[in-house]
Every structure is written in structure tokens, then in C-alpha cells.
Amino acid sequence: MRDFALWLATTSPSGFIQEHNTWAIPTIQSVHILGIAMVMGSVLMISLRILGLTWTDQTLRQTTARFGPWLNGSLWLLLATGLLMVIGEPVRELVTFSFWMKMTLVAIGTVVALIFQRSVRRYERQWDERIVHRGPIKLMAVGTVLIWMAIIFLGRLIAYDHVWGNWSPAVNQ
Amino acid sequence: MDAALDWLQKTALAVHIRDSLLLFPLLESTHVIGLAIVVGTVVIIDLRLLGLATTHRAFSRLGADTLPWTLGGFAVAAVTGALMFSTNATVYFHNTWFRAKVLMLVLAALNSIVFEFTARRTIGEWDLRRTTPRMARAAAAVSLVIWVGVIVAGRMIGFTATRATINQTTPAEEPNFEDLLGLPK
């Protein structure tokens, strides 16, 4: 992976970002943070609806229809800006424990989001009448919010990967 | 002021955070979570005022649903921000991006106050309407610009304030090359 990262750093897109690094990386990161905010807002609102705390005048389907597209669109935005950051600073991202932990959680969070949205679309009535009231589903709603918060933590820890001690490739040079 | 800042960064708590391997990153991450909740909920409100989303729902209900989270997120961001500030108060206080960020937070507060005393007054007329009064749309647009600015300024603080020692009294304006060049720390 380190060899791949070092090669990636020699490619011209990477070179472009590195050359303009006074504005390129901060700009890409800022857009990434905006995407994070929109994912967080969307996931929070849907989870709060499942918990019955907000949006109670709307059905779960209506709430999901409102926030689903923004959630999915923001995930694409995060993927795009994330890719640019990996291209721009390959070693910083790809050779860290935090990054790969984060990607694992991103995969889990995304799969949960997609399966959930598809299920609500297909089984709208069952969700509103029975499913949304079930304990495990409410736990999952809280769990999803916690997963995305953990993703935020890991994202920041990429720059501090040495906190993982021996697990961090950055430490085991 | 410099004496007060110096005192702050020498307190036991500030020293403890600064010397700890894990605490500052944890504070940063919690800060991001707080700001994500603030900006996330603010965007929901602003899109409603601009007639771009949730247009079928009463603004007052939307506000009631999101406001506790906006305020809670802001409290988290403010506390973590204050703790981070304390670890290197002098450097941050003199950092241009930090000052810009504080200024923009003040503008955001002023913007919502103006909104409260203008468009919000007539909420009975436009609560259920897709198109809101001009002052409401203006406040929403200004809000979006300001909060994006807060994100940018906040990120730039990280790039322009080096992990300086407390002995440094002049502002550190050089970019943080470790972050910029992606060198492992």
C-alpha cells in the first residue's frame, strides 16, 4: 500500500494538488466538512423521526423522502472530495490505521443507509404501523448516528495516527 | 490581554490538554461533530426559507424540531473550542483566521436576531407558504454564506497556527507543512 501511495504521489493530478497546496487542500477539506454537516443533519433528522422525537406530523416515508436525497448526494460529495484528498496526499491517507478503520465504518454506514431507504420505500405501511416502534430499530437509529460520529473522529485522527501506537503504520516506519 | 491569555494557557487544564497525545484530537473531533450538527440543522432551516426543501411543512414546526439541536451542537462546539483555544491562547488570539471566524460567528448571531425582529414577526402569514418574505430569504442566504465561511476559517486556523510553544508571543502565520505535505507525524 505504501508503494502504491508513493507512486500515486508522483502522478500529475497529485502533483497539481501538491503544487497548489496553499488553497487546494484547505478548499477540498472545507467542502468535505460541509458534506459531513449535511450527512450529519440528514441522519440525525431521520433517526429522530424513528425515535418519534421530531417530524411526528410526517410519516417515516415522508421524512426519508425529504432527507434521503440530500444524504445520498452528500455521500457522493464526500466520496469525491475524499478521493481528491487521497490523490493529493496519498501517504497521509493510505498508510494510516485511522483511514482504513474509517473506510470500514463508511462502508457499513452507507450500506445501512441504502438498505434502510429501500426498505422504507417498499414497506412504507409496515414501517409506520409496526417496524418503527420496535426496540431494536430504535437502537439502530441511535447506532447509525454513533457510527457517523465515529467516522468523524477517525477522520480527524488520520492526522494523528500515532495515537494508535503500534497499530499505526505511521509509527512502525 | 496578553497577560490574561498567558495565564489561561498556563492553567493546569490547558497544560494537560496540550501535553496529552489524545486529548486535543478528541477535542477537535468533538468540535467537528458539534459544528456538523449546527451547520446541518441551519442548512435545513435555510433551505426551507429559500423555498428549496421541506416546502410543504410549516416553518415553525421545522424550527421547533431543529432549534434544540442547533443550540446543543453550538454548545458542544463552543466548549471544545474554548478548551482548544486555552492550550495556545496567545497564538490563536493573534491568528487572523481565528479572528475572522469569531467575527463571522458574531455576524451569524446578528443575522438571526435581525431575522427574529423582521420576517419572523409575520410568521403567521407565511408559515405554510413555499415562498417566504424577502427578509427571510435574505437572512437564509446570508446564513449559508456565513456558515461556509466559518468552516473555511476554522480549517485555516489549523493550517496557520503551528503547534507553537507558549513562549511564542508573535503570531505564527507560516503554513503547517506537516499537514500540507502529508508527512506522517
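Predicted model: local features only at pLDDT ≥ 70, side-chain atom pairs only at ≥ 80, totals over all residues.
## The span of helix α6 in chain A

Let's start with a helix you can check for yourself. Helix α6 of chain A covers residues 97–122, which makes 26 residues.

Which residues of α6(A) are buried? They are F97(A), S98(A), F99(A), K102(A), G109(A), A113(A), F116(A) and V120(A). An α-helix has 3.6 residues a turn, so residues three or four places apart point the same way.

Take α4(A) as a partner to look at in detail. The axes of α4(A) and α6(A) come within 10 Å and cross at roughly 145°, and this crossing is left-handed. On the α4(A) side you will find L60(A), R61(A), T64(A), G68(A), L71(A) and L75(A), which meet T110(A), A113(A), Q117(A) and V120(A) of α6(A). Sorted by class, the residues in this contact are five nonpolar, four polar and one charged.

## A look at chain B

Now turn to chain B. Its secondary structure consists of nine helices and zero strands, so reading from the N terminus gives α-α-α-α-α-α-α-α-α by the rules for assigning elements. Chain B has 185 residues, and 37% of them count as buried. Among its contacts between residues at least 6 apart in sequence, 74% join residues at least 24 apart.

One pair of helices to find in chain B is α2 (residues 12–19) and α4(B). They pack at an angle of about 85°, with their axes 8 Å apart. That angle makes α2(B) roughly perpendicular to α4(B). Here L13(B), A14(B), I17(B) and R18(B) of α2(B) meet L83(B), S86(B) and T87(B) of α4(B). This contact has four nonpolar, two polar and one charged residues.

## Where the two chains touch

How many residues of chain B are in contact with chain A? There are 32, and they touch 31 residues of chain A. The elements of chain B that give two or more residues to this side are α3 (23–49), α4 (59–87), α8 (134–160) and α9 (177–180). The largest share, 13 residues, comes from α3(B).

What classes do the residues on this side of chain B belong to? They divide into 21 nonpolar, five polar and six charged.

Note on methods
Residues numbered from 1 in each chain as written. Chains lettered and ligands numbered in written order. Contact = placed C-beta atoms within 7 Å. Helix = DSSP H or I, 4+ residues; strand = E, 2+ residues; numbered from the N terminus. Nonpolar A, V, L, I, M, F, W, Y, C, P; charged D, E, K, R; others polar. Expected span 1.5 Å × (residues − 1). Buried ≥ 20, exposed ≤ 12 C-beta atoms within 10 Å, placed from the backbone. Axes fitted to C-alpha atoms, helices over the stretch in contact; angles between N-to-C directions. Left-handed = near helix turned anticlockwise from the far one by under 90°. Parallel < 35°, antiparallel > 145°, perpendicular 65-115°, else oblique.
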